[in-house]
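Open the model in your viewer and keep the selection tool ready. This tour goes from pockets to surface.

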Amino acid sequence: MIDFYYIVHYVIYRFYRRHNETCDTSIMYAFTILGGLSLGFIELIDHFVCLFLNIPGHFNKVTILAYAILWMIFEYIVLFRNGRYRELFNEYERQSNTPEMKSKCKKAKLFNFSLLVLDILLLIIADYLNHYQ
């Protein structure tokens, strides 16, 4: 499972590396994009659950900030400490032509795009419900 977590980051990292970004900038983009999409998805699900159950929402600026800080700490521990992402991603780069790695990257791309599409769809539905309810 943690391997999939790394590969999800690696797919975004590799995209930005191909567009001539530095290693550190590329991993920061991956970290920020996945963090924003994940937090947005969780917040939107909470919004709909609270809306349909007619209870007050759990997320406000303070809780979102707290989750963002916890996300950054988790990312640091898992990816950034001692430059762990560099050795992992270098190994993934060496294995990039194997069928197993290609399959893992396709699954990670599918996950990333699915998360993006779900976020966009949920935002459209939330916007519709807020304006026309």
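Helices (H or I, at least four residues) and strands (E, at least two) are DSSP runs, numbered from the N terminus. This is a predicted model: local features need pLDDT of at least 70, and side-chain atom pairs count only at pLDDT 80 or more, while totals for chains, interfaces and linings use all residues. Residues are numbered from 1 along each chain as its sequence is written, and side-chain values use heavy atoms, without hydrogens and water.

**Stop 1: second largest pocket**

Select Gly 35, Leu 39, Tyr 67, Ala 68 and Trp 71. Of the 13 residues that line the second largest pocket, these are the closest to its centre. A pocket is an open set of points on a 1 Å grid over the protein atoms alone, where a 1.4 Å probe fits, with protein on both sides within 12 Å along at least five of seven lines; lining residues have an atom within 4 Å of a point. H2 and H3 each supply at least two lining residues. H2 has the largest share, seven residues.

**Stop 2: largest pocket**

Now select Val 11, Phe 15, Ile 33, Lys 109 and Phe 113, which are among the residues lining the largest pocket. Helix H1 (2–18), helix H2 (23–53) and helix H5 (99–132) each give two or more residues to this lining. H1 gives the most, six.

**Stop 3: helix H3**

Go to helix H3 (residues 61–80), where Ile 77 lies. Is Ile 77 buried or partly exposed? Ile 77 counts as partly exposed because its relative accessibility is 44%. Buried means under 20% relative accessible area, exposed over 50%, partly exposed in between (1.4 Å probe, protein chains only).
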